[in-house]
Amino acid sequence: MRALIIEDDTETAGFIARGLAEGGFSVDVAHDGRDGLVLALGSDYDVAVIDRMLPELDGIAIVEAMRSARRATPVLFLSAKGEVADRVAGLEAGADDYLVKPFAFSELRARVDALLRRGAAPVQETVLRVGDLEMDLLARRVTRGGRPINLQRREFQLLESLMRNAGRVVTRTMLLENVWDYHFDPQTNVIDVHISRLRRKVDAGADRPLIETVRGAGYRLRAEMA
């Protein structure tokens, strides 16, 4: 992980840099705004800790320049100015968090970790599995017990929704929104028709049906294969 610190107080900068380095970060430090902006725009960082008041170029201007250049690096502002208006100005400029001096390093590290978690891209599943039912989202292929199942687009979307919620009831409203993009009930039996077709294809020849109708609630895909 790479961190950028832009702080004109050398003691404070050194304190932060040592703490982050001990936590496994590779750290770059700048002591004025112009040098800091050059680093911020010239390299990729996982997080930046930027003082609000800096010589040459203040923190607000740095963050605005970063966002204008489409740099999405999470930014934690440091400042002795803790008034609500000051915090709002920093966040509106594009900072992600604001920490008032003096501060404990443990809080700074916790805020840095929170920014990293927030910015982390979620791992995208490409294969869903429930018992012997498998869905390859990239290949758009479904098999059960190794047997290929040929699904139409809506049927595939329905099954994907059920598999992502295996063991839980998926309501008609959820299916209408997720599969048909309806935010109202058109009062048709479109879901029932598609579920019926899907059930015939998925549960055909199986000892144990997977797709259940939960009366008055919706549908559920069995999570267990007893």
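Predicted model: local features only at pLDDT ≥ 70, side-chain atom pairs only at ≥ 80, totals over all residues.
Visitor: Which helix is histidine 194 in?

Guide: Histidine 194 has its place in helix H8, which covers residues 190–203.

Visitor: And is histidine 194 buried or exposed?

Guide: Histidine 194 counts as buried, because its relative accessibility is 14% and the cut-off for buried is under 20%.

Visitor: Switching to the sheet, what is the order of the strands?

Guide: Five strands form an open sheet with parallel pairing, and their order is S2-S1-S3-S4-S5. S2 and strand S5 (97–100) stand at the edges with a single partner strand each, so one side of each has no neighbour in the sheet. On average, neighbouring strands of this sheet are turned by 20° against each other, direction ignored.

Visitor: Why is S1 largely enclosed?

Guide: Strand S1 (residues 2–6) is largely enclosed by the rest of the structure because four of its five residues are buried.

Visitor: How many bridges join S1 to S2?

Guide: Five bridges join S1 to strand S2 (residues 26–30), and the two run parallel; within this pairing, isoleucine 5 stands opposite valine 29. S1, helix H1 (residues 10–22) and S2 also make a right-handed β-α-β unit.

Visitor: What about S1 and S3?

Guide: S1 pairs with strand S3 (residues 47–51) in the parallel sense over four bridges, and isoleucine 6 has isoleucine 50 in S3 as its bridge partner. Isoleucine 50 also has phenylalanine 77 in S4 as a bridge partner, where S3 and strand S4 (residues 75–79) pair in the parallel sense over four bridges.

Definitions and conventions: Residues numbered from 1 in each chain as written. Heavy atoms only, no water. Buried < 20%, exposed > 50% of the residue type's maximum accessible area, 1.4 Å probe, protein only. Pairing = 2+ DSSP bridges. Right-handed = clockwise from strand over helix to strand, strands pointing away. Axes fitted to C-alpha atoms, helices over the stretch in contact; angles between N-to-C directions.
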